[in-house]
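Me: Could you take a close look at one part of this structure for me, the protein surface next to the DNA? I'm new to this, so please spell out the terms as you go.

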Amino acid sequence: MDRFNRFRISIEEYYSTHKRDLPWRKEAPVPYEVWLSEIILQQTRVAQGTPYYHKILAAFPTIAALAYAEEDKLLALWTGLGYYNRARNLQKGAKQIVAKYQGQLPEKYNELLNIKGIGPYTAAAIASICFQEKIGVVDGNVYRVLSRYFGIHTATNSSAGQKEFQNLANECIKGTKHPGQYNQGIMEFGALLCTPKKPNCMYCPLNDTCHAFNTGSVGALPVKLKKGKRTKETLHFGVVQKAEKMALRKRETDGIWAGLYEFPQLNDAPEHGQLLEEPVLHKLSHKDLYCSFWAVSETEISGDYSFYSKEEVQELGMPIIIADFVAKRL
DNA sequence: AAGACGGGGTT
DNA sequence: AACCCAGTCTT
């Protein structure tokens with residue numbers, strides 16, 4: 001038996017005995033549910049994403065409902081999940097599917113790639129889980145598992161690495177009869193056993209032939225290129241409250257917090273204004289935001305804002321730091 | 001090829 | 001504090 005088949009069979013065996021019961025995992029997976037769950041879970045832990053999956057599926061039970069939804073309503077449900085362009089692209093994708101595919105997800109990997117928000121990972125997941133296409137998923141788990149087992153030292157976040165790991169993943173999946181099970185299996189294996197820190201090598205069914213385990217390089221794999229330094233930014237929010245309403249404005253459609261609502265920003269600490277709480281450090285993965293909230297009069301703020309009540313705010317997407325503040329103060 | 005894009009959990 | 005998470009898009 002070759003190395004690829006040995007690997008695949010162990011993964012399938014592992015999955016059959018360890019798979020978690022997740023809401024979108026069904027005997028006959030529903031393509032829309034798989035798509036929605038995969039978008040929500042991009043760069044997001046299952047535990048964090050699952051409640052959002054339930055809320056959003058309940059609010060928009062079909063692709064058509066999602067396509068015709070108010071963007072603000074979708075973003076309101078997405079509030080706190082991060083990477084908000086996922087939500088906006090999800091809806092663009094839904095519109096594409098309604099327009100070009102009669103509201104049904106296409107079945108082929110190459111067709112799925114044309115849909116907004118669907119990249120190589122998500123296309124492979126949908127095509128394999130829903131339509132039995134043999135394309136390997138490549139996510140953070142897969143990079144880790146493959147790099148260790150096969151001893152691949154190419155950086156996973158380099159162009160060469162992405163190609164190499166995709167090719168390897170495609171090689172591994174070739175022999176299977178159940179592409180969706182195998183793909184979910186390798187991710188489950190990475191999430192539960194072949195973990196980033198302290199992987200459970202002693203109980204690993206593949207340790208006899210794992211390159212990393214047998215060369216003592218488990219801790220050195222996968223190899224990743226370092227990202228640049230984080231940047232710092234200071235934000236001054238102008239809080240104007242009148243008659244149980246607060247002034248909010250919708251952000252531009254690109255950059256951070258695209259399309260979300262926030263307090264109008266001030267260029268600097270205002271001359272006339274009361275600091276409502278000690279400046280908060282809001283840490284994003286790529287920058288540190290020092291946020292100050294100032295009670296100011298309406299003359300201090302400018303731009304295209306409107307006043308919203310507690311009820312109206314429920315229908316708006318907001319960065320979590322704004323949503324939390326509004327919840328406390330309104 | 002490199003950076004931008006969130007927020008939260010783990011080590 | 002650094003790393004990671006069922007990645008994708010833009011420049």
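**The surface near DNA strand C**

Reply: Let's begin with α11, which gives four residues, the largest share of the surface near DNA strand C. This is a predicted model, where local features need pLDDT of at least 70, side-chain atom pairs count only at pLDDT 80 or more, and totals for chains, interfaces and linings use all residues. Residues are numbered from 1 along each chain as its sequence is written, while chains are lettered from A and ligands numbered from 1 in the order in which they are written.

Helices (DSSP runs of H or I, at least four residues) are numbered from the N terminus. At least two residues of this surface come from each of α8 (120-131), α9 (140-150) and α11 (179-192). In total, 27 residues surround DNA strand C, and the closest are G119, T122, D139, G140 and M187. "Near" here has a cut-off: a residue's C-beta atom, placed from the backbone, lies within 6 Å of the strand.

DNA strand B is surrounded by 21 residues, with G82, S159, G255, I256 and S285 the closest.
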